[in-house]
Amino acid sequence: MTAAPQALLSVRDLTMTFPGRRSATGRRGAPVRAVDGVSFDLGEGETLGLVGESGCGKSTTGRMLVRLLEPTAGSVEFDGRDISRLSQGALRPLRRHIQMVFQDPHSSLNPRQTVARIVSDPLLVQGWTAADARRRAAELMELVGLIPEHIDRYPHEFSGGQAQRIGIARSLATSPRLIVADEPVSALDVSVQAQIVNLMERLRRELGLAYVFIAHDLSVVKRVSDRVAVMYLGRIVEIGEKHLLYDDPQHPYTRALLSAVPLPDPAAERRRERIVLLGDPPSPAAPPPGCTFHPRCPKVQEICRTERPLLRVAASREVACHFPGD
Ligand SMILES: Nc1ncnc2c1ncn2[C@@H]1O[C@H](COP(=O)(O)OP(=O)(O)OP(=O)(O)O)[C@@H](O)[C@H]1O
Ligand code: SF4
Ligand SMILES: [Mg+2]
């Protein structure tokens with residue numbers, strides 16, 4: 001386990017198995033192990049980037065961290081308390097510390113509520129008076145770069161970037177210590193993405209927030225993260241300090257992902273070798289035996305087909321591969 005400065009969040013063997021979906025004939029498919037034994041620590045004020053292809057279990061992990069989903073197994077300790085099995089009542093006082101920002105700002109904001117209502121709602125739940133909550137909502141609008149006088153407008157009156165600022169203001173209402181941001185910029189225009197990333201960076205510095213930042217865009221993750229975890233088919237396959245991962249990836253899957261990120265220097269871009277992965281990720285309802293990456297791995301050996309590699313320290317980070325490195 002890569003040690004965090006002071007664990008605000010301690011995740012151990014987090015697992016989510018969904019029942020198989022029913023087909024048109026009413027038969028249930030095999031259960032889906034969407035998240036399969038994920039463990040990591042996150043320090044106060046730290047950002048962990050969570051990356052991986054579509055369907056690898058990033059959102060499911062994020063939703064368990066904020067207890068929108070109850071894990072099938074494993075634990076999520078926040079500030080030393082396991083929140084993964086608390087009742088909704090016992091969870092309520094802790095909810096203010098852990099908030100979530102979603103991908104699509106317009107669909108995650110209630111279109112029939114004004115910004116005042118949307119942003120102050122978490123405060124009303126915590127027992128604030130309507131007048132105090134409204135005042136705080138106006139302050140929060142200013143903090144995220146919106147005009148406080150627009151407080152009585154509705155979400156559709158804002159652009160995508162502005163709507164995401166509303167989502168962020170709402171997530172900040174209760175002064176959380178941890179924000180799980182699930183692809184917070186991927187639904188936005190590229191020009192707006194940088195503004196929202198800058199805003200989240202500034203808020204982190206000013207408010208001392210910790211983030212779990214979920215994204216499939218490795219350039220965005222590189223900008224915001226201190227450490228990065230790479231997921232494949234429900235498991236972390238490499239986790240460690242950002243520069244170590246980006247400069248010298250050890251897992252063949254991390255290498256392949258990074259080889260697809262465009263380099264700013266055209267000469268370096270021409271020299272660089274692309275690693276093309278064969279096929280799509282397998283279904284989590286029928287994961288391959290041994291190393292689940294083996295059917296697509298350019299370095300596969302016999303042992304990979306039968307023995308599951310566990311996360312272990314290699315080159316100052318953790319890697320789940322029998323043959324890490326070059
Ligand atoms: N409620 C559910 N019931 C059954 N299977 C589910 C459910 N939610 C997610 N899954 C499956 O779990 C796996 C992980 O899904 P998840 O949404 O966590 O992936 P993701 O990494 O966030 O993908 P994306 O990058 O597309 O957002 C997928 O195979 C998905 O189909
Ligand atoms: S364990 Fe084998 S198949 Fe899996 S990533 Fe490493 S080399 Fe590839
Ligand atoms: Mg997702």
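**Conventions.** I am reading a predicted model, in which local features need pLDDT of at least 70 and side-chain atom pairs count only at pLDDT 80 or more, while totals for chains, interfaces and linings use all residues. Residues are numbered from 1 along each chain as its sequence is written, chains are lettered from A and ligands numbered from 1 in the order in which they are written, and side-chain values use heavy atoms, with hydrogens and water left out.

**Four-stranded sheet.** I looked up an open sheet of four strands, which I found in the order β2-β1-β4-β5 with antiparallel pairing; strands are DSSP runs of E with at least two residues, helices are runs of H or I with at least four, and both are numbered from the N terminus. Two strands count as paired if DSSP finds at least two bridges between them. At the edges I noted β2 (32-43) and β5, each pairing on one side only. Five bridges hold β1 (residues 7-18) against β4 (residues 73-78), and there V11 stands opposite V76. Between β4 and β5 (residues 81-82) I found two bridges, with D82 as the partner of E77. The hairpin of these two strands has two residues between them, and D79 takes a positive phi near 55 degrees. Across β1, β2 and β4 lies helix α1 (residues 58-65), running at about 125 degrees to β1; axes are lines fitted to C-alpha atoms, for helices over the stretch in contact (heavy atoms within 4.5 Å), and angles run from 0 to 180 degrees between N-to-C directions.

**Eight-stranded sheet.** I then followed an open sheet of mixed pairing in the order β6-β7-β8-β3-β9-β10-β12-β11. Its edges are β6 (98-101) and β11 (312-314), each with a single partner strand, so one side of each is left without a neighbour in the sheet. Neighbouring strands here are turned by 25 degrees against each other on average, direction ignored. Strands β3 (residues 47-51) and β9 (residues 227-232) run parallel, joined by four bridges, and V51 stands opposite V230. Helix α10 (residues 252-259) lies across β9 and β10 (235-241), at about 105 degrees to β9.

**Ligand 2.** Which residues surround ligand 2? I listed those with a heavy atom within 4 Å, among them H251, P252, C291, C297, C304 and C321.
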